[in-house]
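Welcome! Have a look at the model first, then try each task before reading on.

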Amino acid sequence: MKSGLALFVHSARRARTLILTVAALLVLFQVLLTLGAESLQKATSFPRLAALIPDVFRQVLGPSLLTMLSFSGIACLGYFHVAVLAVLVGLMIALGTEPAGEAETRFLDLVLAHPVARHWVITRTIALLVTCAALLAGAMMLGSGLGLYYLVSSDLARAAFRPVPKLSLNLAVLMVGWGGIALAMATTVHRRSVAAARTALLAAAFYMVDLIAQVWKPLKPLARYSPFHYYNALSVITGSGNASSDIIILACVACASFLLAYIIFQYRDL
Amino acid sequence: MPLPAILAHGLTKRYGRLTAVLGFDLEVAQGEIFGFLGLNGAGKTTTIRLLLDLLRPNSGNASILGHDCHREGLLVRALTGYLPGEVDLYGDLTGRELLDLLGRLRHQPVDRKYRTKLQERLELPDKDLRRRLREYSTGMKRKLCLIQALQGDPPLLILDEPTEGLDPLVQESFHALLFELKRRGRTVFMSSHVLSEVVRVCERIALIRRGELALLASVTDLHKMAQRTVRVTFSADVTVVPKGLPPEYEVVELQPRMWHLRVRGALGALAAALTGLPVCDIDVMEARLEEVLIRYYREEGA
């Protein structure tokens with residue numbers, strides 16, 4: 001336990017600047033989005049924005065378009081914006097592939113030549129992934145809360161905050177899931193760049209599959225295998241989806257990845 | 001009888017079709033300084049990593065101080081200090097942070113006084129430990145890694161190329177430190193390809209070649225195996241050829257006033273062969289153990 005904690009503190013200290021910077025940017029982004037949503041709301045611009053959308057996109061996006069172009073949709077844009085998702089998943093991949101990096105630099109030789117059980121290396125990374133996901137999702141929630149409660153402070157704003165905790169939880173579990181996949185990938189290779197690139201490609205491919213499946217039905221069966229399929233932010237905002245089951249499925253993906261990582265790492269050569 | 005510090009039986013490690021270590025047997029007694037020699041890629045580091053359970057053998061087993069390296073890996077590693085041959089240290093850490101981190105991974109807390117003493121011996125003062133590792137030279141990194149291996153004062157030290165990158169003065173200090181450790185009953189297992197160093201500090205050596213143990217001998221035995229060069233000069237021309245010399249005597253050159261021989265073992269037979277001849281001088285050049293080892297490296301000594 002002592003050695004696991006020492007490894008966790010070491011990794012957290014090395015990653016803290018990056019994590020805290022991203023967290024601060026996310027808080028700021030969410031506050032700005034809230035202010036932007038308020039500005040659009042005051043100018044009654046949402047119907048005009050919706051009218052500008054071409055028919056083809058309106059048909060494809062269906063009712064979710066209206067959600068997106070609403071006060072809640074804009075205030076929560078950060079939760080489903082592709083750039084934010086890319087940053088969050090990328091960060092989790094970077095953290096999850098740490099064991100491969102340590103094997104590559106032979107730092108693991110130094111660590112595991114001490115009386116440290118191998119599972120602590122994986123447990124440390126899992127703890128870091130969960131902490132980081134909780135911190136970043138918490139930062140987003142904080143940004144939304146600050147914006148909606150202290151800067152906008154209207155009944156509409158309070159209503160807009162209602163889905164945020166569930167949205168944050170769903171996003172956090174999605175992040176942990178991708179971190180877990182990166183970790184499992186990292187236990188199979190000796191180079192961090194290989195593990196990170198493979199996981200990033202997989203994430204990009206699954207994101208595209210899930211996105212395209214929304215407009216092209218033949219892809220729908222395949223989309224079920226994408227973790228992104230279980231993070232439907234707009235459904236959470238409207239309260240129409242079943243976020244709880246999505247969260248459970250993503251948690252299962254994360255747990256399965258962690259288990260795989262433990263097993264592979266226990267028996268592999270370093 | 002005390003348990004051997006290291007005991008390996010038939011250790012074999014394969015990477016696909018490449019055999020890195022094959023049927024490796026070894027016994028290292030407690031309290032000895034043992035040299036592990038081999039060319040690059042011979043299997044030295046693989047063997048060491050098998051002992052530390054970083055690699056898993058395809059067959060065979062090894063134990064350290066009576067504990068199985070795999071089944072009782074944690075215990076084994078609590079009894080061992082390890083210096084890796086190459087490691088890329090995190091540049092954003094300070095030397096002290098690295099030592100503290102690795103110290104916290106040990107079961108027993110590190111004795112600060114002992115660590116300070118090691119720092120003094122290896123010339124890595126506190127002000128250097130406060131610097132980031134990215135500012136360290138190769139030699140400083142090596143010293144830091146040596147300190148981390150030694151700081152827990154474990155009964156067994158496994159050192160992979162310990163003096164690589166150290167300046168001659170620190171090498172001297174390090175050798176003195178090894179002798180001191182030996183006096184305190186510690187066992188040192190060190191790999192090297194610096195033959196002179198191994199011959200100087202080790203009591204026994206093992207030479208690994210293409211993954212197989214090619215030679216296991218004490219340094220005393222090596223001396224016996226080494227050929228001394230003997231040059232006999234005569235005050236008058238000698239026409240007879242040396243007779244009755246045992247096979248350990250190799251005649252290199254015969255001239256009327258000079259014989260040049262290579263001798264493995266005692267010189268008594270030569271003295272007998274020279275009886276009655278006008279010997280002017282006998283020049284015996286001491287054997288170079290390196291030559292013996294190089295013969296084994298070149299597979300001539302098998």
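Two residues are in contact, or meet, if their C-beta atoms, placed from the backbone, lie within 7 Å. Helices (H or I, at least four residues) and strands (E, at least two) are DSSP runs, numbered from the N terminus. This is a predicted model, in which local features need pLDDT of at least 70 and side-chain atom pairs count only at pLDDT 80 or more, while totals for chains, interfaces and linings use all residues. Residues are numbered from 1 along each chain as its sequence is written, and chains are lettered from A and ligands numbered from 1 in the order in which they are written.

**Exercise 1.** Describe how H6(A) and H12(A) pack.

*Solution.* Start with the axes, which are lines fitted to C-alpha atoms, for helices over the stretch in contact; angles run from 0 to 180 degrees between N-to-C directions. The axes of H6 (residues 82–96) and H12 (residues 192–213) of chain A come within 10 Å and cross at roughly 150°. That makes H6(A) roughly antiparallel to H12(A) (the term covers angles over 145 degrees). Next, find the residues: A:Val89, A:Gly90, A:Ile93 and A:Ala94 in H6(A) meet A:Ala196, A:Thr199, A:Ala200 and A:Ala203 in H12(A).

**Exercise 2.** Work out how H9(A) and H11(A) are arranged.

*Solution.* In chain A, H9 (residues 119–152) and H11 (residues 164–186) pack at an angle of about 150°, with their axes 9 Å apart. H9(A) is therefore roughly antiparallel to H11(A). Contacts link the two helices: residues of H9(A) including A:Leu129, A:Ala133 and A:Met140 meet a set in H11(A) that includes A:Leu169, A:Ala172 and A:Met175.

**Exercise 3.** Which residues of H7(B) are buried, and which are exposed?

*Solution.* First, the length: H7 (residues 168–183) of chain B has 16 residues and reaches 23 Å from its first C-alpha to its last, close to the 22 Å expected at 1.5 Å a residue (that is, 1.5 Å times one less than the number of residues). Second, the buried residues (20 or more other C-beta atoms within 10 Å of their own; exposed means 12 or fewer) are B:Val170, B:Phe174 and B:Leu178. Seen down the axis of H7(B), they fall within an arc of 90°, so they line one face of the helix. Third, the other side has exposed residues, among them B:Glu172, B:Ala176 and B:Arg183. Finally, the cover over the buried residues includes strands E3 (33–37) and E8 (187–192) and helices H6 (138–150) and H8 (195–201) of chain B.

Notes. The arc is that of the directions from the helix axis to the C-beta atoms. Angles under 35 degrees count as roughly parallel, over 145 as roughly antiparallel, 65 to 115 as roughly perpendicular and the rest as oblique.
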